[in-house]
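Hi,

Here is the structure I promised to pass on. Have a look at it first, and my notes follow below.

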Amino acid sequence: MHVRTSLTTLSATAVLLASAATATATAATQPLSAPHITNHFQLAASQQPENITVDHTGAAYLTFSFARQIVRVTPGSRPHVLATLPAPAKANTPNLGKAFVGGIARADDGTLYVTYATGTADLTGVWVVRPGGRPHRIAALPADGLPNGLALDQHTNKLYVTDSVHGVIYRLPACGGKATVWAKGTQLEPTTFAGANGLKLHNGSVWATNLDRGTVLRIPVTAKGTAGKIEVRATGMPSIDDFAFTGHGDTLLAARDDNQVDLVRPDGTHTTVLTPADGLQTPTSIAVHGSKVYVPSAAYMTGKDPNLLIARLGR
């Protein structure tokens with residue numbers, strides 16, 4: 001999540017960053033190739049994709065943040081709305097002001113989990129949509145927070161959630177119940193706008209990004225299921241959002257709201273591999289499915305052409 005306070009106008013910083021990137025942009029850099037936009041969404045209908053997961057067929061499931069929708073998309077098709085979350089009587093979402101659907105995770109049986117922030121106690125939390133069912137909340141989260149990234153551990157039947165305002169990671173049963181703070185610390189906290197943001201489970205650890213600090217973090221899961229020491233694995237990526245691993249190793253691809261996607265290596269070094277020249281319009285998240293990389297753009301900062309881009313991954 002990287003929606004800043006100026007949602008209707010471009011910030012001067014964003015304009016400068018986007019202009020500079022456009023001026024120097026080249027084609028996709030290895031290991032990515034053949035980037036192309038497969039789906040254009042309607043900004044006027046608030047079809048701004050915030051997060052993504054992909055099923056075994058290659059179909060993408062997206063959250064449309066401000067439309068409060070969960071949709072299914074196949075390349076080249078119109079989005080099929082699976083659910084629309086209820087609108088609050090009066091949204092008071094921290095930092096945003098409006099209701100916000102954030103992270104999404106999908107279980108093998110097709111159950112979808114999402115985070116929802118409204119600034120109200122009756123709706124903020126984790127919601128679930130089972131195949132053919134209606135959305136309902138399975139866990140409440142603090143109304144003065146901003147639940148954002150989401151990851152599902154199907155082995156332990158636990159969900160993990162970042163809170164970008166409180167700068168913590170919650171854990172809760174996937175079947176529903178009370179959420180508890182699983183990890184906290186300075187590395188997860190915001191400095192100006194949003195802290196802990198993107199979230200993934202990988203090789204026995206919880207990985208997260210911090211948008212304000214521009215960092216990638218790794219938190220080992222101990223044998224007891226508790227959080228180990230927070231490790232900073234990469235730095236120097238302002239406005240980093242969500243991410244995805246390219247394979248079994250620790251190399252990952254990260255979306256940044258300054259209109260680029262970075263390849264982050266296990267040693268912490270990183271290289272820009274996608275730019276506005278490839279069609280990025282404030283990229284929000286990444287999904288990797290086989291040899292394909294999916295990159296949704298929400299156009300939060302550019303104000304035009306929210307879309308879904310797919311590129312080829314050569315490991």
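Predicted model: local features only at pLDDT ≥ 70, side-chain atom pairs only at ≥ 80, totals over all residues.

I'll begin with what lines the largest pocket: 17 nonpolar, 16 polar and six charged residues. (Ala, Val, Leu, Ile, Met, Phe, Trp, Tyr, Cys and Pro count as nonpolar, Asp, Glu, Lys and Arg as charged, and the others, Gly among them, as polar.) The volume of this pocket is about 1200 Å³. Of its 39 lining residues, Thr53, Arg106, Leu152, Lys200 and Leu201 are the closest to the centre. At least two lining residues come from each of β2 (49-54), β6 (100-106), β10 (147-153), β14 (196-202), β18 (240-245) and β22 (287-289).

On terms: a pocket is an open set of points on a 1 Å grid over the protein atoms alone, where a 1.4 Å probe fits, with protein on both sides within 12 Å along at least five of seven lines; lining residues have an atom within 4 Å of a point. The volume is the space filled by probe spheres set on the points, which are joined across faces, edges and corners. Strands are DSSP runs (E, at least two residues), numbered from the N terminus.

Residues are numbered from 1 along each chain as its sequence is written, and side-chain values use heavy atoms, leaving out hydrogens and water. The mean pLDDT (the predictor's confidence in each residue, from 0 to 100) is 91, and 91% of residues reach 70 or more. Over residues 4-26, though, pLDDT is below 50, and this stretch has 28 contacts (heavy atoms within 4.5 Å) beyond near neighbours in sequence.

Last, β12 (residues 168-173) and β13 (residues 180-184) run antiparallel, joined by four bridges. Val168 stands opposite Lys184. Six residues lie between the strands of this hairpin, where Gly176 takes a positive phi near 110°.

Cheers

Note on methods
Pairing = 2+ DSSP bridges.
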